[in-house]
Number of protein chains: 2
Amino acid sequence: MNIVARLGRGFLRANVQALDSTVRSLPHLANLLPVLPTTTLPETNRPVPLRTDDSEASCSNRETESLHKSSVEDLTWGVRQSEYGGRHRGQYSPETTRWMSSVPVSVDETEGSGQVERFQTEAVDPFSLVADELAQLGAKMRDMVATEVPKLAQAAEYFFRMGAEGKRFRPTVLLLMATAVSTSIPGSTLAAEAQSIRDRQRRIAEITEMIHVASLLHDDVLDSSDTRRGISSLNFLMGNKLAVLAGDFLLARASVALASLRNVEVIELLSRVLEHLVSGEIMQMTGEPEARCSFDYYIKKTYNKTASLIANSCKSVAILGGQPPDVAGLAYDYGRHLGLAFQIVDDLLDFVGTSLVLGKPALADLNQGIATAPVLFAAEEFPMMEDLIKRKFARSGDVEQALQWVQQSKGLERARELAAYHASQAVLAIERLPPPESQGAAQSRRALVDLTQRVLTRKK
Amino acid sequence: MNIVARLGRGFLRANVQALDSTVRSLPHLANLLPVLPTTTLPETNRPVPLRTDDSEASCSNRETESLHKSSVEDLTWGVRQSEYGGRHRGQYSPETTRWMSSVPVSVDETEGSGQVERFQTEAVDPFSLVADELAQLGAKMRDMVATEVPKLAQAAEYFFRMGAEGKRFRPTVLLLMATAVSTSIPGSTLAAEAQSIRDRQRRIAEITEMIHVASLLHDDVLDSSDTRRGISSLNFLMGNKLAVLAGDFLLARASVALASLRNVEVIELLSRVLEHLVSGEIMQMTGEPEARCSFDYYIKKTYNKTASLIANSCKSVAILGGQPPDVAGLAYDYGRHLGLAFQIVDDLLDFVGTSLVLGKPALADLNQGIATAPVLFAAEEFPMMEDLIKRKFARSGDVEQALQWVQQSKGLERARELAAYHASQAVLAIERLPPPESQGAAQSRRALVDLTQRVLTRKK
């Protein structure tokens, strides 16, 4: 996707300086952005030719291109801004949000002339908004595994704890997204239809969690890691045999559940996710030395391994909700940027977390030979880092040297800025949705925005 | 499915004695068949209440029940008959086949009064009939893996050799089935449509082979076996990591290819197969001691692990060919019985093959604690076998003792009879198809029948 192209004149006027300085402070991005305007602004709303770090663009939704013509104004989340801004029209504040139709959907609408719907929302814990459904989902998954595969009962407990640890992040996002893009259906005869839609969207949340846990199980085999977030891995507890089998079981269940939705578009989207997950793992395991030094490669791998699942499941939820392609595209954008931010923070925490807080050994990536954002940024200041990256930190002292360079460089700071940039883009996607039709939709959007901040500030 | 119910008066008249004696020689079946007539024949074509070993009936196709009313006459493949019979009307002979409409589709048609189409077919190697398409399929799979996952190039060669060893049995069956149920489309404007149908059916063959190889790769991890049919396993060559990853890669590719068919019925069928494969593996790995002594359990496991894939892909080929449910049901029946026969022979060869001929260690199943048909039959003559089965032949001398009992009993002979029975049922399904519409269809049916014999007589 072409980010500047999607930001209209209004947004550019307000934010181009921050955008510019941030992007230029990210040389890997800046190299890709020769045409980024520094002082002059485009005079029209036509897309500005621009490439970004979105090398996985082919995976994203072309349908959103119609949105390139729209304008966004007064958005306070500049790309460098990792703190909340002030409180005025069209802005987001941490305590209270007022949603306004400051995002005309077509260029025919003049700025601010769109239909104005206002819903006041209070700050609320995103997880509590969907707590009941999450509990049901957790119980359902646990029962399924425990009942159908008695010998995997231990695994069921493991799945549950995985979910509890991660607060079932993905299902939470999906259930909130379902409400955020919901269209109110008046009349009692249509209540059944609304319930049916919600059931199908909930199934996407289940399928996504199954795919996620399956990939963790198979990663456990792949990584031979014996701990993950402080929980002894299933691999360690029960051996490779059951880890592979349990993963396959969940994937098979996910496939059946997906097929039962009988929506070919959604089936295609989530099948493609499976392919991305494997591609990401292959990229990480078997990448050529040069590729592993590339920021593009890192972002593409991160999209494949983490962001694709949440992006495409967000989009699937919108599609099942009967939303048009532009809204589905924004749901995809939110998930994609949130997923990238999430993973970049994860990569960061591997350097700054301690095994006590994080529940897993620090420097796990380096020890596995994997170079992430902080290392890649540090390599710009310490070019000899590339040699270490290419040999996967395999020589004695490599890990310690890499850590030292990361700490001596702006690597960690810039990785955090990159995560903040993607979080801000996720917020932008929510802001660009058509006006919410209900208090519930507004509240869920608020919660989705809150989640972007939680992703940035989490400590484990 | 209700086997006797599906055999009409004509078949019963000719074969009930052989059927009866065989089924009664299989006590596990006989116990399930209390109402099987011994000397009297049913006076009507109404289904005879009867349960068989088909404990996985719920997996099969209810739509075929309409066929229970039809009658089949003069079929020489009785359940004990593993050799070809004589050559007369409605029979199959090894040298030449004349397909006749001896299978009225509805009870309203009197015996033999249906439309008669005759195609003379010569004996032909089933594999040579589809050799070109098989070569393309093999090259396509090899290229796909080699191109997209360079580091798995070694695996690509492995996949290829797997296929060469096994002569790509599953794709062969599916391509033959596609022709066997093809309906001739006259006129040049429809040629493109016929080609499109064939392309989609070929894709099913590719998907099936991908799923099959993926399951072998993951089984390699599961079994920790280092050889399979004389080829060092990928697991052994490249480690568990790549075996899991390569399997996941193929599964993901299969999912994407399946979704791209955009046929929800076919997507559901093959998604269900994934679940069966995992269930079968779970049943084998984690079955309770009592269950592992059960013939029902063995057949259900065998359906899940082997027959479901070929059965449901045969059915999918028929569905994509635009065939009605009854024909799709017969395609399913053929695949299911062929798959069961194939696996029972495989289990048998584990006892009678040598590692020289078979290319894998004999008694692999016993050594892995798995009881198959020969052992279960032997246990009827040597009840102490059950103790060994329950403890998975884990004590010193157990494997040797089990082998001795198998050799001293009729275990091997009866396992071969059971395989022959399923082969005959596969032939029956082909015989019951509507008359072939072309020479090619008749020839492919002949080849499908030939395959049932090859399955029975193979030595490795």
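**Note on the predicted two-chain model**

1. Helix 12 of chain A passes helix 13 of chain A in a right-handed crossing, where right-handed denotes a near helix turned clockwise from the far one by less than a right angle. The contact of these two helices comprises 16 nonpolar, seven polar and two charged residues; Ala, Val, Leu, Ile, Met, Phe, Trp, Tyr, Cys and Pro count as nonpolar, Asp, Glu, Lys and Arg as charged, and the others, including Gly, as polar.

2. This is a predicted model, in which local features need pLDDT of at least 70 and side-chain atom pairs count only at pLDDT 80 or more, while totals for chains, interfaces and linings use all residues. Residues are numbered from 1 along each chain as its sequence is written, and chains are lettered from A and ligands numbered from 1 in the order in which they are written.

3. The axes of helix 12 (residues 295-320) and helix 13 (residues 325-352) of chain A come within 7 Å and cross at roughly 150°. Helix 12 and helix 13 of chain A are therefore roughly antiparallel, a term for angles over 145 degrees between N-to-C directions of lines fitted to C-alpha atoms over the stretch in contact.

4. Chain A contains 20 helices and four strands, taken as DSSP runs (H or I, at least four residues; E, at least two).

5. Of the 460 residues in chain A, 51% are buried, that is, with 20 or more other C-beta atoms within 10 Å of their own.

6. A rotation of 180° with 0.0 Å of shift along its axis superposes chain A on chain B (RMSD 0.0 Å). That is the relation of a two-fold axis.

Conventions
A residue is buried if 20 or more other C-beta atoms lie within 10 Å of its own, exposed if 12 or fewer, and partly exposed in between; C-beta atoms are placed from the backbone. Axes are lines fitted to C-alpha atoms, for helices over the stretch in contact, and angles run from 0 to 180 degrees between N-to-C directions. Angles under 35 degrees count as roughly parallel, over 145 as roughly antiparallel, 65 to 115 as roughly perpendicular and the rest as oblique. Copies are superposed by least squares on the C-alpha atoms of residues with pLDDT of at least 70 in both.
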